[in-house]
Amino acid sequence: MSNPPDPPATFPDTAFPDAAFPNQLDNQPSTPYLIGLDYGTESARAVLMRADNPEILASAVHPYRHGVIERHLKGRPLPRTCALQDADDYLLAARDLLSRVGAALPAEAELAGIGVAFTSSTPLPVDVQGNPLSRQFPEEPHAYVKLWKHRAAVEHTAPFQAMTDLGYYGGSSSPEWLPAKALELASEAPDLWAQTSRFVEAADWLTAQLCGEVKNEVRSASHAGFKAHHRGGQYPPKVASALAGRLGTGLPRPLGTPAGRLSAEWQAGCGLPSSGWSSRPIVAVSTIDAHAACLGLGLDQDGELTAILGTSACYLLSSREERAIPGICGVVDGGIVPGLYGYEAGQAGFGDVLSWFVRTHPAFPGCSEAQSFEHYNALAASLRPGEHGLLGLDWFNGCRTPLDRGDLSGLLLGYSTATTLADVYRALLESLCFGARRVIDTFRAAGVQPTRMVLTGGLSERHPLLVQLLCDVLGEPLEVAQTDSASARGAAIHAAVACGAAPSFGAACRTLAGHQTRTVQPGPAHHTTYDVLYSAYLELGTLLAASPVMAQVQALASSVRADQRQDSIPAPPHMSAATAGRPR
């Protein structure tokens, strides 16, 4: 594949007033087409749809060239809490995906809109031209995208913990969010921070690249609201001060509005049509990938909860009520769908806990992860609830909801010389389900009641044992979505609203969403046993969260690793003496 196009200079007016994007679909004889782009942790996906039909006409997946950069960068070891990506991988993915699904467009088709959903918070530093600093400083970790699961900014959350309205973010500012990651860069690599013109979500950076408006990104109100504390039309003074003018200009734009039009260079480079209702398709303001999945499943009503079970677990709930709920990740007016308050909560570790287990305990020498999963699922399914005598805490990546503590760690209680690997695997599955129940109980305790719960994501589709265990732990029926590519489909729904192919998100969901689900019923006897274990899970979690032990052990490990890096790693040649030796 050739390199992505050099960003052209289009759309000099970065305000993008609504008048600049009239409804070009009025009086058009043919049905327009839409493309939804979904940028996940390991890969990006695209779908092609007609604006009047829920059928996916074409889809494609593009694994990122460099994947997740976690252990080493250019031969240099990284802290275990690092999770970086190369922004240029996103451009390669966009060019490949737009070209591949665009090739399926019928002759004379009218491509009306493109939507972008992106995992978040995943920010990066750029120069005044909008170029990622990783191009100029390829050996400097802080020059790269900090992926959502980058957790090295824990110590940099302190300045944001006394802000007003923090109750609407669960009571604290997360190290996974943009402000702490910006402060981490400013504190640990001040030379690099001085060369940073803007610190921006990768989603907003990508939409600007697609539009050719590379010097001033249109920021999404959803990313800004959930991941940078933007509320009531402004960023808090603490956030604005910490980023020192690096938030760009203009207010974040609401969901379902245009970020711009696809640039002529991207359009030609990807072989997309330039005739029809408009010479260039609208690119919608970006959204968060998990939130797009709600719309992709048609869940846009009050009380509908979407549980996305993947590498981590994300719980999205739309409600007419706005409440400050301790332990949630945030509540944003119109954050998921306009007209309702969007709530987000989650578990920092979910599928990656199980992946860690099968990687470190393969079923037999030389087997694949898929073979290990099949082996352990079969063994775990034969065990009865409570039989193994183990109790786990699902804090392997810290606790997101309700404690927002990155210094907590996973635990299995009850080991004996009779414990088997199958016992451990089942206990891990159950711990994830206990954590999920605690998230849902957090909503309910605050008076925000889910009236319907739908599971989606890779684990809900491929892991029937986990789904049944979750149903048994909750003690109530669950729906499992039967729709592929929910986030990419949701991105297409955003595109439909932004370009005028649909008059509202509700209308777009009715037409384009995948509504099919299957229902799983709980086993009453199993639920009774799990009620006992869940009570023990809550008590154990309370004890350990109040104890300094976990944090002390993690702090000691971090100190030892930092000393080892300082002793063995020379500073990159571009860094000053004042910066050299700082922990990365």
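Colleague: What is the volume of the second largest cavity?

Modeller: The model is predicted: local features need pLDDT of at least 70, side-chain atom pairs count only at pLDDT 80 or more, and totals for chains, interfaces and linings use all residues. Residues are numbered from 1 along each chain as its sequence is written, and side-chain values use heavy atoms, with hydrogens and water left out. A cavity is a set of points, on a 1 Å grid over the protein atoms alone, where a 1.4 Å probe fits but cannot get out; its volume is the space filled by probe spheres set on the points, which are joined across faces, edges and corners. For the second largest cavity, that space is about 70 Å³.

Colleague: How many charged residues are in its lining?

Modeller: Lining residues have an atom within 4 Å of a point, and here they include D394, R400 and R438. Asp, Glu, Lys and Arg count as charged; Ala, Val, Leu, Ile, Met, Phe, Trp, Tyr, Cys and Pro count as nonpolar; the others, Gly among them, are polar. The lining of the second largest cavity has five nonpolar and four polar residues, and the number of charged ones is three.

Colleague: And the largest cavity: what is its volume?

Modeller: The lining of the largest cavity includes R151, E176 and R400. R400 also lines the second largest cavity. The volume of the largest cavity is about 90 Å³.

Colleague: Which residue is linked with R151 and E176 in a network of salt bridges?

Modeller: A salt bridge is a side-chain nitrogen of Lys or Arg within 4 Å of a carboxyl oxygen of Asp or Glu. E176 and R151 form one, at 3.2 Å from N to O. The network joins R151 and E176 with R400.

Colleague: E70 and K149 also meet in a salt bridge. How many residues apart are they?

Modeller: Their side chains meet at 3.6 Å, N to O. E70 is in the loop between strand 3 and strand 4, K149 is in the loop between strand 9 and helix 3, and the separation is 79 residues.

Colleague: Is K149 buried or exposed?

Modeller: Buried means under 20% relative accessible area, exposed over 50%, and partly exposed in between, with a 1.4 Å probe and protein chains only. K149 has 12% relative accessibility, so it counts as buried.

Colleague: D86 has no salt bridge. Which side chain of opposite charge is nearest to it?

Modeller: D86 lies in the loop between strand 6 and helix 1, and its side chain reaches the backbone nitrogen of D88 at 3.0 Å. For charge, Lys and Arg count as positive and Asp and Glu as negative, while His and the chain ends are not counted. D86 is buried, and at 4.4 Å the nearest side chain of opposite charge is R65.

Colleague: How many residues of helix 5 are buried?

Modeller: The buried ones include W205, L206 and L210. Helix 5 covers residues 202–211 and is largely enclosed by the rest of the structure, because its buried residues number ten of the ten.

Terms used: Helix = DSSP H or I, 4+ residues; strand = E, 2+ residues; numbered from the N terminus. Polar contact = N/O pair within 3.5 Å; in protein donor to acceptor, adjacent residues only side chain to side chain. 1 Å grid on protein atoms, 1.4 Å probe; cavity = no way out; pocket = protein on both sides within 12 Å on 5 of 7 lines; lining within 4 Å.
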